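Open the model in your viewer and keep the selection panel at hand. The stops below go from the whole chain to single residues.

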Amino acid sequence: MRSAACGVALLVMLLAGVRAFVPVGGGGNTHVTITGNAVMKKINEVCKAVAESEGREFKPTGSSVEELLRACLGSATGQVSAAKFHEALNQIYMENSLVDRDFMTSDLHHFNSESFSGGRTLITQGTAAIKANIRKGSFQAARETLGRVLHTLQDFYSHSNWVELGNKATYPVLIRPDLTISNIADVNTPTCSDCASGTCPNPLLPSILNEKKLTSGYMGLVSANKPSGKCSHGGGADLSSTQNPRGGISKDERSAHNAGFHDTAVALATEASLELLEDIRGAAGNKEYLRLMGIARSAVLCFVIDTTGSMADDIAEAKRVAYSIIDSKKGTQDEPSEYILVPFNDPAFGPLIRTTDPDVMKAEISKLGASGGGDVPEMCLSGLQLALTGAPASSHIYVFTDAPAKDTHLEKTIIALIRSTKSTVSYFLTQKTRSARSVSPQARSGFQLYYDLALFSGGQAIKVSKADLPSATDIIVDTSTSALVTILQKARNPGSVESFPFLLDASVSNVTVYITGDSLKFTLHSPSGVSQSDSAGKGSLAVIQTVGNLWRVQLNSPIETGLWNISIVPTQAYTIKVTGQSAITFIYNFVEDFEGPHPGYAAIYSRPQTGLPAKLLLTVTGQKGAETLKVQEVALVEVSGSRLADGVIQEMGGGNFLVTVSEVPEGEFVVMMKGEDVATSSRFQRQSTTLMSLSNVIITATVNSTLLPGEDFLLPFTVMTNGTGGTYTITIGNDRNIPLTYNTKLNLVSGVSTESTVILKPPANTASGTDVTVTIAAEGPGGTDSNYAVLRLSVLAKVTDLTPPVCEIVGASGVCPSDCTQSTWDLSVNITDGNGSGIEDISVQQGRGNFSQEAVVDGGVTVVMGLYSASCCAPDVTLSVVDKEGNVGKCSYSVQKSGGVSLSLSLPLWACLLLSALNTMQNVLPLP
């Protein structure tokens, strides 16, 4: 089943075409296609509603993701990149598919073995966590949970007998914790007849069908045992299906004997997914829902600022550049979608301040002042850790400091977070003037750690005087833009004379070359043979600026397409990076095979394994989608060396590719892609920024549930090495300073997994929805090999209010005239949450009108009287009412049109509202 919404395939086609993530369905219907169809349909609904509320049309000009984004964001200016959209959806799809690997034997996660209560609890608690995460701005944690919840919800329709019972609608009880699952077959009740062939159309017993008893198949992966007379799941991996009654009732794959049931299961699983997404949309609101789905302007402005005593000039410059970006880009396609600020001092650091309101960012950054400190090293890495875990993936983070790091023990944690988030970190390093402060002998020498971290992330480490800092911060303006791509990235230490070629295609604009290094010379060569040396500040090819150790080379427009070259003659180490703006880009994940009843590929969020071919799932996007792009080369390229390892490319359709690299470079590498834009007949080149490498160490950990405030949470994990055994050092940290208990040493035998556990105990006052990023690192004897695992956990307080608010329509205009332009209509509602947690928010989910409200309180119960007014040209409205636990109630109404005159319900309506409110309270409260 393919989404009709703009024909967007995304990762869906790839995951569907690469070894099925099966339920529901083999072949064309998988968990990923079902999820993708539902997600894209809901996104189109929400985009249309947002456009209507803003008084504009939602009309994508074509079928590409970029055109969908442009229509949804409502801006006709600037480049639009779909990278973050793809990244967000991939997080949902990957976590959905991982349920088949990480919870293969869990009955609850698949509604196997009549585990209806437990499966429903996973859905409702997961949904509560998603809503709480969104309220706290923890979108990645919400997406990952959403992927897992959707998998379990969809499995109900494939693994239970809901379809065989003749149901043509979804089972709303699964996403409503206030309702009760009923009429489940008792464990001693036989449910199936024997099916020797395993292909019986409906092996359920007549008594089960007649009494509408709910059951599901038993799954035996390690044992054939099951209760007497019970249905099996079925399939070759299910040992229980060989025991009487044989066969199974799974509708995972479409076969001749179950085609009708399978098709119905797919339809209901899709509809149920839409209902869950609609519930989350109602709780989040339209714009926050779109942020959940990765639909936002690409740029995020993230500052990490040292606020110790000598940083007054640096803080003033950070304020200036932030204000400049906010003011110059407001209302454009390049306006940042989010602003993040993390101050750090010594010993304090944080808090992380995150907002989508530019005026709030201005106010927060204006509060910063320089004070305190002591010894020279500061808590820089602690502040950076908060930024890496709080900012969206692939963010650009800018650090201002004039001191080395004191908290160098976090170095491996920072590297793990950089690699897992693929974020870029750039440093602005100024010279200290405060000689009175002593330098700790334990501090790492100078700024070298910052240079190393910048290189790992693909950022810059810019060392300048405080007086020259304003000239260096132009790089922030350059990179705080949408559709930013990296074309080339290299580093040389020691420096060597070398020429670096790079391709520029017709889609690229605003091309800038950054070179960091001291005492070097370079010459830029165009495809037509024109040259410009570093000494020519304004030449025929570029404008060249230098400040501190940074050379900034801005190519003149229009940019000549073809193969450029830059020759560097250094005396010391240096880095070079070429960036530009273009919709042509790619995202990728390293993946590994997994086996089981539903085998597939799982994303690797750590270093890939040494000794095995590296596999990547890669998605390419362009201005008009992937249709006009021809990928010709994908390779792993050393950044600090010259080795290039080509991959074998398997095209999967829809801009998706499976790439296998047999000979992986031994050192640090990035992903490079080359191809041709058929629409312009120009070749393109793109490169990832985050340095990766291989490891013999494998750390496995799984997120299984949420944390409760004030209670211990046990997180099991395993560590294995295919290299040298011995005593491995375990380091575990988190970004919320939650106390941890774990063994710091593990004795490993090569090829054998060793189990361990870390215990977390969030404080009792931890807010519900807080996400906790846990980093587990294992380092071998002598530090020769290491790896990491990064997990996002969610804190969720016990939910006691399970009942949604009530929205009651008490009055409405009757009709609108055929000429809608001169008439309006009104709708009156009464809203109450009874004795629940209380109304948190009332919003217009669909419609282009004005909503006003007035609350009446009597006996502790609040009744909100609401009046919605709109033009007759906007005849539809949906009001969403959310309580403080995230339960959602709704009112929907469509006014009729006729040739008559519109009715007016202005002042008399309030009298009607008040009377209705009193009646409502009389029903809620016992009046004397």
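**Stop 1: the whole chain**

Show everything as a cartoon. Keep in mind that this is a predicted model. The secondary structure comes to 18 helices and 41 strands. Orient the C-alpha trace along its principal axes, and the spans are about 85 × 75 × 60 Å.

How does the radius of gyration of the protein chain agree with that of a compact globule? A compact globule of 928 residues would have a value near 30 Å, and the chain has 29 Å, so the two agree.

Now colour by accessibility. Buried residues make up 58% of the 928 residues. The chain exposes about 34500 Å², and carbon and sulfur atoms supply 51% of that area. For contacts, take pairs of residues at least 6 apart in sequence: 74% of these contacts join residues at least 24 apart.

**Stop 2: the second largest pocket**

Select Gly137, Glu338, Leu352, Arg354 and Gly390. Among the 40 lining residues of the second largest pocket, these five lie nearest its centre. The pocket holds about 860 Å³ of space.

Next, highlight the elements that give two or more residues to the lining:

- helix 4 (83–102), helix 6 (116–135) and helix 7 (139–159)
- helix 10 (286–292) and helix 13 (380–390)
- strand 3 (353–355)

Colour the lining by residue class. It divides into 13 nonpolar, 13 polar and 14 charged residues.

**Stop 3: two cis peptide bonds**

Select Asp346 and Pro347. A cis peptide bond joins them, with omega about 15°. Pro347 sits in the loop between strand 2 (338–344) and strand 3.

Then go to Ser557 and Pro558. A cis peptide bond joins this pair too, with omega about -5°. The loop that holds Pro558 runs between strand 13 (550–555) and strand 14 (562–569).

**Stop 4: two positive phi angles**

Select Phe111. Its phi is near 55°, a positive value in a residue other than glycine. Phe111 lies in the loop between helix 5 (107–110) and helix 6. Is Phe111 buried or exposed? Its relative accessibility is 0%, so Phe111 counts as buried.

Move on to Ala483. This residue is not a glycine either, yet its phi is positive, at about 60°. Ala483 is in the loop between helix 17 (474–479) and strand 7 (484–492). With 2% relative accessibility, Ala483 counts as buried.

**Stop 5: the loop between helix 7 and helix 8**

Select Thr189, which is found in the loop between helix 7 and helix 8 (206–210). Thr189 has 27% relative accessibility and therefore counts as partly exposed. Show its contacts: beyond neighbours within four places in sequence, Thr189 is in contact with Ile208 and Lys230. Draw a distance to Cys200, eleven residues apart along the chain. The C-alpha separation from Thr189 is 21 Å.

Stay in this loop and select Leu205, which is also placed between helix 7 and helix 8. Which residues does Leu205 touch, not counting those up to four places away in sequence? They are Pro190, Thr191, Cys192 and Ser193.

**Stop 6: Thr413**

Select Thr413 in helix 14 (residues 411–421). At 10% relative accessibility, Thr413 counts as buried, since the cut-off is under 20%. Leaving out residues up to four places away in sequence, Thr413 touches Gln385 and Thr775.

**Stop 7: Arg736**

Finish at Arg736, in the loop between strand 27 (726–734) and strand 28 (740–741). Its relative accessibility is 39%, so Arg736 counts as partly exposed. Show the side chains of Thr770, Asp771 and Val772. Arg736 touches these three, not counting residues up to four places away in sequence. Last, draw the line to Thr766. Arg736 and Thr766 are 30 residues apart in sequence and 9.7 Å apart in space, C-alpha to C-alpha.

Definitions and conventions
Residues numbered from 1 in each chain as written. Predicted model: local features only at pLDDT ≥ 70, side-chain atom pairs only at ≥ 80, totals over all residues. Heavy atoms only, no water. 1 Å grid on protein atoms, 1.4 Å probe; cavity = no way out; pocket = protein on both sides within 12 Å on 5 of 7 lines; lining within 4 Å. Points joined across faces, edges and corners; volume = space filled by probe spheres on them. Helix = DSSP H or I, 4+ residues; strand = E, 2+ residues; numbered from the N terminus. Nonpolar A, V, L, I, M, F, W, Y, C, P; charged D, E, K, R; others polar. Rg over C-alpha atoms; globule rule 2.2 N^0.38 Å. Buried < 20%, exposed > 50% of the residue type's maximum accessible area, 1.4 Å probe, protein only. Contact = heavy atoms within 4.5 Å. Areas by Shrake-Rupley, 256 points an atom, 1.4 Å probe, with all protein chains shown as cover.
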